[in-house]
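Subject: Structure for you to look at

Hello,

Here is the structure I said I would hand over. Please open it and keep it beside you as you read the notes below.

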Amino acid sequence: MAEPSIEIDVDLDVQEILLAASQHDIAKLRPLIRSNEKVADPINVKDPETGYTPLHAAVAACEPDEEEKDDSAPNGAEVNGGQGSEHAQLVQSGVETVRFLLLEGAIWNDLDNNNETPGCLARRIGVIELYEIFVDAGVRAEMLLNRLDEYEALSDDEEEEEGEEENEEDETAAQEEGDEAPELVEGPDVTNNRYLESNLTFQNDRLLDQDQNGVMMAWETEIMAKSAKKLLPTPGLRVLNIGHGMGIVDGFFQEQAPAAHHIVEAHPEVVAEMKRRGWHEKPGVTIHEGKWQDILPALVVEGHTFDAIYYDTFAESYADFRQFFSEEVIGLLEQEGKWGFFNGMGADRQISYDVYQKVAEMEIFEAGFDVEWEEIKVPKLVGEWNGVRRPYWVVDSYRLPLCKYMD
Ligand SMILES: C[S@@+](CC[C@H](N)C(=O)[O-])C[C@H]1O[C@@H](n2cnc3c(N)ncnc32)[C@H](O)[C@@H]1O
């Protein structure tokens, strides 16, 4: 008989934290979070009904009344009206509370029962000030995790014990930024090696792996056309494309009559299909069968250089992509050359897409390149996903990157 009352007590304690968060009452929140012996991980408690964490509660309290909303915000998000009004003050206290909770170690991208992170909620209710705080928190967390991955790779390589203390400190910091949270970029649930061993299905409008993951789809044609045109604006240039897929981007490269057109492709069935379609006989085309990780260093040794490089692979991680732009491009790209990539990281959630754009931009910059973005509206994709395991694209606009060496 004692158990139900314990549960009720715990629930009341959880509700007390969530209530203080929704009231933006930092003075009350501080002891509830810092010295709460009754609740485990008080900063990340969840309301059993809504799945709200204190961050969600602090954001939800900022939802403007109907008359305060207007429809003028970008991307269809509603925005708070009354600047300087009561609502603006509410948003201000919301900003302070959210900052406080993040500093105390709240997970920035935990999901509620509506499958929304606190940032998604902020965007949906139109409080862009809060949305941007979450994007920045996401960028910090991801950068830190990326650094940790680098350290791990280093210590794996060298099998060094020293330096572990530093890693532990970083790990604690990463936990504070929320590495227990859901993955920011939901991958297709398959590793590159498993994908490369998988059987493929070629259809008119799509290429699927054996788990029905969409490897490439025809709706990306306009993106491929624009990317090719930007990278190869005039005939007679030399281009390197990594990942042939359905051959869409390579088709657009061919239209520009390149002097050399190298294609790196790792999947044996894609290579077979390329040959069936006569790609090996097209003007200027050289097919390199294998993973770019093995092919590109050999191209550097052979002294090949290109005016344009495009990267669009499948089932690779952000760390693979970073290895590509920070280690490989420099050896292959002409001084005046341009490179680009299919910018699909995090595209199954707007906030992840925004976070990854910033992370990639910073790291591309660190690797010595400038990046320009062009925004392209993506039509609503509905029927496209029939028969595909998971829609990998939900955001409204594609941001097309064009990268060059820094001046
Ligand atoms: C998304 S598709 C490329 C689509 C292409 N841009 C188009 O326009 O059709 C990705 C391609 O990259 C290939 N790929 C995956 N991992 C690779 C790797 N490590 N090295 C080279 N190619 C890879 C896949 O087999 C697949 O053909």
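A word on classes before the findings: Ala, Val, Leu, Ile, Met, Phe, Trp, Tyr, Cys and Pro count as nonpolar, Asp, Glu, Lys and Arg as charged, and the others, Gly among them, as polar. Sorted in this way, the shell around the ligand has eleven nonpolar, nine polar and four charged residues. Please keep in mind that this is a predicted model.

The ligand

The ligand is surrounded by 24 residues, and the closest of them are Tyr195, Gly245, Val249, Glu265 and Asp312. With Gln293 the pair involves a nitrogen atom of the ligand, which is 3.2 Å from an N or O atom in the side chain. On its own the ligand has 600 Å² of accessible area, and the protein covers 99% of that.

Which elements give two or more residues to this shell? They are α8 (192–197), β5 (214–217), α10 (248–255) and α12 (292–301).

The cavities

There are two cavities of 30 Å³ or more. The largest cavity has a volume of about 300 Å³, and this is the space taken by the ligand. It is lined by 25 residues, and those closest to its centre are Gly243, Glu265, Asp312, Thr313 and Phe314. Two or more lining residues come from each of α8, β5, α10, β7 (260–265) and α12. The largest share, three residues, belongs to α8. By class, the lining of the largest cavity divides into 14 nonpolar, seven polar and four charged residues.

Regards

Methods: Residues numbered from 1 in each chain as written. Predicted model: local features only at pLDDT ≥ 70, side-chain atom pairs only at ≥ 80, totals over all residues. Heavy atoms only, no water. Near = heavy atom within 4 Å. Polar contact = N/O pair within 3.5 Å; in protein donor to acceptor, adjacent residues only side chain to side chain. Areas by Shrake-Rupley, 256 points an atom, 1.4 Å probe, with all protein chains shown as cover. 1 Å grid on protein atoms, 1.4 Å probe; cavity = no way out; pocket = protein on both sides within 12 Å on 5 of 7 lines; lining within 4 Å. Sits in = over half its atoms within 2 Å of the grid points. Helix = DSSP H or I, 4+ residues; strand = E, 2+ residues; numbered from the N terminus. Points joined across faces, edges and corners; volume = space filled by probe spheres on them.
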